Amino acid sequence: MTKHLNTIERKCMKLLEKALHYGASDIHLIPTKTGYGVFFKKDAKLIESGTLLPQLADRMVSFYKFLSSLDISDKRKPQSGSFHKQMQGENLSFRVSTIPAIQYQDNKESVVIRLQKHDHIVSIEKLCLEKEWSDKLVRAASQEQGLIIVTGPTGSGKTTSMYSLTAHCVNELDRHVITLEDPVENNHSHLLQIQVNERSGMTYSAGLKAILRHS
């Protein structure tokens, strides 16, 4: 890491690098009575990676929230955001989600950080195990109007599927695609992406109206 980083920044970046090296999809910082437990999620299982003392954990959580443009002073409500870094030769995005742990008097927060690669687009053909499934997705995306609902547990491929579909719409169907996201997890050059920000008035409702007027 570069020399100008302070101790907290170095520890935060080192934790991200450790998770990437391990191949984790998520980092969980879970509050306990004595501090925080650090867990890596891989293949739908949580693997304990270590512990953090309360003061260090609190400062690291604040730094991750700062990077994600979250309100550092507010520890009493859930928040979510994201930040982007180039690490290990790849462009990566990190989605940060915080939830207050009400059983503790000192306003501890549980934090989950999702690790994802930028511009990692999988074609619809490679996305599906069976050609019949990819053909159905292509036909659905080709309709002039309609609604596609993507559901599933964490890590099942919802985001990958959505970006695959949007890339198909742009590259194969010559469409102008606008997304309304909370948060914007990955920056993609083929999309016009809008970040939901309720504090500035960009709600889902306002964003949808703006999109319909814009295009």
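**A helix and its core**

Guide: The mean positions of the 28 positive and 23 negative charges of the protein lie 7 Å apart. Lys and Arg count as positive and Asp and Glu as negative, with His and the chain ends not counted; each charge is placed at NZ of Lys, CZ of Arg, CG of Asp or CD of Glu. This is a predicted model, in which local features need pLDDT of at least 70 and side-chain atom pairs count only at pLDDT 80 or more, while totals for chains, interfaces and linings use all residues. Residues are numbered from 1 along each chain as its sequence is written, and side-chain values use heavy atoms, leaving out hydrogens and water.

The protein has 6 helices and 8 strands, which are DSSP runs numbered from the N terminus (helices: H or I, at least four residues; strands: E, at least two). Of its 215 residues, 38% are buried, meaning under 20% relative accessible area with a 1.4 Å probe, protein chains only.

The part to look at is helix H2. Its 14 residues, 54-67, reach 20 Å from the first C-alpha to the last, close to the 20 Å expected at 1.5 Å a residue; the expected span is 1.5 Å times one less than the number of residues. The buried residues of H2 are Ala57, Met60, Val61, Ser62, Phe63, Tyr64, Lys65 and Leu67. Just after the helix, serine 69 takes a positive phi of about 60 degrees.

Tyr64 leads on to the largest nonpolar core, which has 28 residues; Tyr64 is among those with the most contacts inside it, as are Leu15, Leu16, Ile27, Leu29, Phe94 and Ile113. A nonpolar core is a set of buried Ala, Val, Leu, Ile, Met, Phe, Trp, Tyr and Cys residues joined through side-chain atoms within 4.5 Å. H2 gives two or more residues to this core, and so do helix H1 (7-22) and strands S1 (26-31), S2 (36-42), S4 (79-87), S5 (90-100) and S6 (109-117). In soluble globular proteins, nonpolar side chains tend to be buried together.

Isoleucine 113 touches Tyr64 as well: leaving aside neighbours within four places in sequence, its contacts (heavy atoms within 4.5 Å) are Leu16, Ser25, Asp26, Ile27, Tyr64, Phe94, Arg95 and Val96. A second, separate core has 8 residues, including Ala141, Tyr163, Leu165 and Cys169.

Key: Buried < 20%, exposed > 50% of the residue type's maximum accessible area, 1.4 Å probe, protein only.
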